[in-house]
Amino acid sequence: MNRRELLDSVFDAVERHDLDFIEEWFAAHAHPEIEFTSVLTSGVEGRVYRGRRGMVDWAKDVVEAVKISYGAREFHQVGADIVVILVRPMLEGRGSGLEAQFEVGFVIEFEGDLARRGASYDSHAEAMTVAEALGRGEELRL
């Protein structure tokens, strides 16, 4: 399975709120010390999700807060180890029922076959800029 198919499968699992699949996915495809900063949940709490368990916690935070549909996903490979996923998700608040749609860009760095670190951004342009800088070897904190 290529990286696009792998990442598609975890996005699909978040959409259908399949936490069992998500836990299995991160156990199989994430580095034990993975780190992720989410524009949706980290921005509110200032939290960086760490480790495979932290990634499952991220997914739980998302699915407990909103129903999400990522819509069309645009994938970009930047260098050998960086993948950018650009989406315009539709969110519906679980408690409020309020709907929102916005732009999100995910930057995921791989170490070998494992997702090692990542971040999401509230603009496609920012995600691409970060990914291109990382692809040039610039040291950035995701």
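Helix H1 (residues 3-15) comprises 13 residues and spans 18 Å from its first C-alpha to its last, close to the 18 Å expected at 1.5 Å a residue, where the expected span is 1.5 Å times one less than the number of residues. The model is predicted, so local features need pLDDT of at least 70 and side-chain atom pairs count only at pLDDT 80 or more, while totals for chains, interfaces and linings use all residues. Residues are numbered from 1 along each chain as its sequence is written, and side-chain values use heavy atoms, with hydrogens and water left out. Helices (H or I, at least four residues) and strands (E, at least two) are DSSP runs, numbered from the N terminus.

At the start of H1, a side-chain oxygen of Asn2 comes within 3.0 Å of the backbone nitrogen of Arg4; just after the helix, His17 adopts a positive phi of about 60°.

Turning to the strands, an open sheet of three has the order S3-S6-S7 with antiparallel pairing; strands pair if DSSP finds at least two bridges between them. Its edge strands are S3 and S7 (99-101), each pairing on one side only. S6 (residues 90-93) and S7 are joined over three bridges, and Leu91 has Ala100 in S7 as its bridge partner.

Elsewhere, Ser120 belongs to strand S9 (residues 114-121) and is buried, at 8% relative accessible area. Its side chain reaches the backbone nitrogen of Val39 at 2.7 Å.

Notes. Buried means under 20% relative accessible area, exposed over 50%, partly exposed in between (1.4 Å probe, protein chains only). A polar contact is a pair of N or O atoms within 3.5 Å; within protein, one must be able to donate a hydrogen and the other to accept it, and residues adjacent in sequence count only if both atoms are side-chain atoms.
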